[in-house]
Every structure is written in C-alpha cells, then in structure tokens.
Amino acid sequence: MGYRIGTDIGGTCTDSTIMDESGRVTIGKDLTTYPDFSQGIFDSLRDATESMDVDLGELLADTELFLHATSVGENALFEREGAETGLLTTAGFEETLHATRGGYGRWSGLPYEQVKDIINSDKPEPLIPRNRIQGLSERAYRDRIVEDLDDDEVLSAIDSLVDDGVESIAGCLLWSFSSPEHERRIKELLAEHYPDLYVTVSSDVSPTMGEYERTSTTVLNAYLGPTAEDYLTNLRTTLSEYGFDGLLLLMFSHGGLVTREDAIERPVGLMESGPVGGLLGSQFVANRRGIDNIISTDMGGTTFKVGVIDDNRIEYADEPMVGRHHYQFPKRDIHSIAVAGGSIISLEEGTNVPQVGPESAGSDPGPACYGRGGDQPTVTDVDLIQGYFAPEYFLGGGKEMDAQRAYEVFEERIAEPLGKSTEEAAADIYKLINSIIADLLRETTVEKGIDPRKFTLVSIGGAAGMHATSYARELGIPEVLVPQTASVNSALGLLSTDVTHEHLDVQAIEPPFDVDRINEVFGDLSGAAREKLDDEGFDPDEVTLERSISMRYQRQVHELLTPVEMEGRLTDADVEATVDRFEDRYEQRYGEGSAFKEGGIEMTEFRVRGIGPLSTPDLKEHPVSESNPERARLGTKEMHFEAAGGRIDGALYDFEELTPGDEITEPGVVLTPVTTIVVNPGDVARMDRYKNIRIGIDEGNYE
C-alpha cells in the first residue's frame, strides 16, 4: 500500500495521521505519555488502526515514510532535564549568556501583567551556571584571525568542564559566523580527546550576527542534544522492531523535514515543530479549496496559537523564543498565549477580576468535567456549561464526562464569588475568552497592516471549534474552515511538506549594491543547498531553491526578510525590484510613509532554502450531493448563544452522518469524534468535498 504516517507529540495529546496512496486519511489520537513519549505515538497509531483492516505491525511494515514532530525538546527545557552543559567562548565575554540583552532580558517573554511587575520580574535562569563557562584567549574580526587559538588552553578548559561533570559542550566564539576556523578546531580537539561528548558550535547551528542570541542558540542546542539523540535513536529502534524499514524524517520549525542525523545535530530546530506542522496543515487544506489568505488558529489543551499565511506566504519569526530563552534559528512565525481547553479560570485576589490561565489543568487531572479529580474550573468546563458538549457523544462516545462536577466547581469558585448564576457567569467567561483571543489576532494581523476581513480563518486543535466562529465574528472574518483533521492537523501538516534545508550567510552590503557580489553569495549558498540534497538522493532537476535577503535601514537594528522572486542570476534591475519589495513590506509593517530610501538601506543576511520534493498524494475527494442534513440530526439541547440573547434549544449534528453538500442553517453544534464545532445563529455550515466544515459568518438569516 505504501502508507505515509505523520505523528505529533503535543503537550497533552499525541496525534497521528495515516495517508494511503489514494489520499485517504485516517486519524488517531491518544494521551501524551511521560516520560516515555514513544508509548503515546504507538497508542495513537493503534487508535487509528481500529478503523483500518491492518494491525499496527502490518501498518508500519508497509509504511514508506514516517514523519514526526515532537515536543521532547520543550519538555526537557521546561523540566530542566537537559544535559549537563559547558560553554567555551572568547575570553572577556563569559558573561554574555547571563547578561542577555540587558534590561530587555528582564521582561522579554513575560505576559503583560508580569512585565508591569518590575520588582518581581527577572531574567530567566541561564541553562549553564557561570562556573561552567570557560574563556579562550583567541580573537577574530570579521573575516580575519587577530589572535590564534591555543590548543593546550582549549584542552585545559575542556578537561576542567569534564571534571565538573559536563556531558555536552557548546562553543561560541566572536565573529565565528564569518571566521569559523577556531570553532572547527575546537570540534577536532573534542573528537580526538573526548569522542563521547556531545558537541555543537555556533558556526554550525546559528552562523548569524547577534552575540547573545547566537550564544543562547548554541547553548540551547547543546543542552538538548543528548536528550534528542537518545529519544530519536530509541524511536528508530522501536519502529524497526515493529517492522518499519522506511525513511524516518523529523519536522523542523522552519517548515521542512530533515533526517534523524540532522535533527540530532541541530535539535533546536525541533522546538515548536508541532505548531508549525499545524500551520502547514492549514495551508494544505485551504489550498485545496483555492484559498491563499489564511489565518490559522490552533486551540488545544494548553495554548492557543495563531499563524498568518498572506498570499500563500508564511513569514519567519523575528525573535524566536522558548521558555524566555532567545534563539536564532529559522522558524515560521507563530504567536501563542496560554488560553486553551485546559486553561484554569480564576478570580484575581482582592478584585475578583476573572483570569484565564496561564496555569493549565493539563491532561492529568484535566478539566473538572473529565472526572479525574480536577477541582479547578477550566475553559473546557465553561464550554460544557454553555451547552456545547453532549456528554453521551463526547469523543464519539468513547470517553465519559462528569457534567455535574463541572457545574459544582465552577459555581463554587467563580459564579458564587461573582454573585451570578452559573450559566450567566459561564457566558461572561466565554465572551472574555474569545475577546482575549481576538486581541491576539488583531496584534498579528491589523497591527501588522493585514486586513483580516480578506482572510479565511482555519480552525484547528481539539478546542478551537467551540470558539472560532465567535472570535472570527469579532474581527469581521467572513469564513471559518474546520478541517476534517482539525484536532490532528499538525500530523497532517507533516504529510504536506518536503525535505528542506536552510543555508545562510551574513554579509553587510551597502548601496550602491554590487550585483556581482550578491550573485557570488547566492551562488555559494545555492551550491551548498544542491550538494546537501544531492547527497540525500534527490534528482537535481526536481530540487527547488528559494532565495531571500534580510534588509534594514542603516542605523536601525531590526531587519525584514525579503523574498527574491526572480530566478537565475540577478541583474541590477532585479536587485532594485527586491529593494522596492522591502520598502513595500516595511510600510505594511510600520505604516504608510515610514519607508525612507534616502536614509540608506543595507543588506545584512542572505538565505537560500533548498527543497527536495516528496510528492505528497492529494487529499481524497468525495462525491457532493444535495443537502439533506436531517439524517445526521441527533436532536436538540439547551445552549447559550450571545446572538440569541441567551439560552435556546440548539441542534446536535453527527459529523459522521453528514455527507458533502449538506448545509446546516440553524444554530447548534456538529459533534465529531475528535472535536465539537459551534454554529452560531445566522451562520451557515456546509460540508465540502473533502469533508471539511466551512462556515459562512452571518451568511444566513436568524430571527
């Protein structure tokens, strides 16, 4: 059969998507298992095979591609379970990691409420204590060596770190992005004298400007390296034991797939790879319907994430950060807040102002309505009180819900202190949740010069379907698309992408721009990209290269990555057109009239993205018939809708009984085996030929 499998380990659930040669998709889902993450992978695959004619062993033996995204890196970081790590740096700069970026480091990555709390806010604790940082008396400046590296001094520093118990070494020297010779020598000495130590140097993982960010990236990579190596080695072994002998590829946050060896060498690329997979899955599904302007919103158990795809283009993050640690590695731009199904609802002490998150009930004990001992009200409990769950049909009837417990906990902790009925308080909190999300959407669209009214909102994640139509309405977004794979969309996204490698070079080029020099830089990067993909077996005629240049106004700090849309060797006119494109993007970001070419524009970084295609089968289409949703109607129950002014009888529809072409014009919910979709009064929901639910906001009439 030649299956392709995509799996994603999230914070609470592990998702799997199985695609056969015809494009038919089968999904599976189960709880994430700690600390043995691989158990959750195989549990979710077993869940998927329940509706197939194969068992797990037969499936994996007949699988050609196993694609994987994992949160093992984030977990190791947040739990402080990474490797004991040491840092080698240039003498005199041993404090870089602890200094961060001065005062900015004290509040960067904090919620706004904590940013205001100057007394109690502080920098994140570094991953390496000061006594495990060794300075080396070497020096480079731009592309020349000023002071040679002393091998004996390097070995003495390494000996000291090893004696202190380090398992992993990070090397980050000044100007190594343009003069990497000394870092390469450090790697040679380590390979010769300490071959069992994990080692990473900045010129391999982050050859970019920015002393602190480059150091932080290198340290983060070294800290995660041994954990990632053990995990991926064990995963490969277990897959083989099940009979899998195909290709294992890992998702990177730049939106492409890499080999296991690449992932072990640069595990920092695994960070937030799952959410990026979800964004790509949204693009894959929307593109099937000819939609190129997409706002992807992912609401699971612990976080809400949003990514914007403008004219089918996904931007890179300006300042990637994980656990308040900055890093410089190509990562698609996704913003997140701690508002999701497991987010705990509380009242601020002294004011009784309702708060949503950031604490989460997670999957254990989970929301109160899960009946696992949870005694804190969560977003999921609010959704239940709103009437959007039908407990007897929860997750296809496979899981039980304790509705009474949800009411009791919410009434005791929220409704009674507010002096409101349980239903009234829940309606207010539901509206607050959607307003918080809408604010994030404005920040990622309107404040960046993007008009959300020209976009389709794609709703993914297990909890998003109960809120998407409400926060879409707040921004005037005309349509919501809920994929059939909504709750496992990250796993689907892995199946839609290709093997990808990012190659970059830091070069400061000022006007008048030397087109020959620019072509030389791109020529070197393109050669490296083609060589890498050729080594991996890709046909040179099928490989594609995407080029871009980071530019900024002189004496400014922040750059904008600008695509080079011309192919082949660039001319002066091509360079000028790329500069004009930079100015257009600058004004979109910072406002009309903000561009000022006379102030001087400089190029700072050149990037080539090499892509080896995997030829993904298209999604299977189903016949479209005349609308007849009555066959899927399960009855009614009381639900709260703001547009209706309170609680009314809403309809219950079984997703499994709907067929493409069915149209729902009454308020209610669509119950799927993995999520619930709310259809507000005035909205019209249709099932398309891919079994996605498309909802036109305020498209119908409601009285």
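What is the volume of the second largest pocket? The legends below start there. The model is predicted.

**View 1. The second largest pocket has a volume of about 1,200 Å³.** Its lining counts 43 residues. Closest to the centre are Asn312, Arg332, Glu546, Arg609 and Ile611. By residue class, the lining divides into 16 charged, 14 polar and 13 nonpolar.

**View 2. Strands β23 and β26 pair in the antiparallel sense.** Nine bridges join β23 to β26. Look for Ile509, which stands opposite Met603 in β26. How many of the 11 residues of β23 are buried? Eight are, so the strand is mostly covered: a residue counts as buried when its relative accessible area is under 20%.

**View 3. The largest cavity holds about 60 Å³ of space.** A search of the whole structure finds five cavities of 30 Å³ or more. Which residues line the largest cavity? They are Pro275, Gly278, Leu279, Ser296, Asp298, Lys305, Val306, Gly307, Ile334 and Ile460. Two or more of these residues come from each of α12, β13 (294–299) and β14 (304–310). The lining divides into five nonpolar, three polar and two charged residues.

**View 4. The largest nonpolar core has 66 residues.** Inside this core, Met299, Phe410, Leu441 and Ile693 have the most contacts. Helix α15 (residues 422–444) gives the most to the core, with nine residues. A second, separate core has 48 residues. Ile18, Leu220, Phe244 and Ile264 are included in that second core. Why look for such groups? In soluble globular proteins, nonpolar side chains tend to be buried together.

**View 5. Glu423 is found in helix α15.** Is Glu423 buried or partly exposed? Glu423 has a relative accessible area of 28%, so it is partly exposed. Now find Ile664, 241 residues from Glu423 along the chain. The C-alpha atoms of Glu423 and Ile664 are separated by 26 Å.

**View 6. Glu50 lies in the loop between α1 (37–49) and α2 (56–61).** Its relative accessible area is 68%. Glu50 is therefore exposed, as the cut-off for exposed is over 50%. Gly28 is 22 residues from Glu50 along the chain. Between the C-alpha atoms of Glu50 and Gly28, the separation is 8.9 Å.

**View 7. Four strands form an open sheet with mixed pairing.** The strand order is β27-β28-β30-β31. Which strands lie at the edges? They are β27 (633–641) and β31 (676–679), and each pairs on one side only. From one strand to the next, the twist averages 30 degrees. Strand β30 (residues 668–671) pairs with β31 in the antiparallel sense, over four bridges. Gly668 stands opposite Val679 in β31.

Methods: Residues numbered from 1 in each chain as written. Predicted model: local features only at pLDDT ≥ 70, side-chain atom pairs only at ≥ 80, totals over all residues. Heavy atoms only, no water. Pairing = 2+ DSSP bridges. Axes fitted to C-alpha atoms, helices over the stretch in contact; angles between N-to-C directions. 1 Å grid on protein atoms, 1.4 Å probe; cavity = no way out; pocket = protein on both sides within 12 Å on 5 of 7 lines; lining within 4 Å. Points joined across faces, edges and corners; volume = space filled by probe spheres on them. Nonpolar A, V, L, I, M, F, W, Y, C, P; charged D, E, K, R; others polar. Core = buried A, V, L, I, M, F, W, Y, C linked by side-chain atoms within 4.5 Å. Buried < 20%, exposed > 50% of the residue type's maximum accessible area, 1.4 Å probe, protein only.
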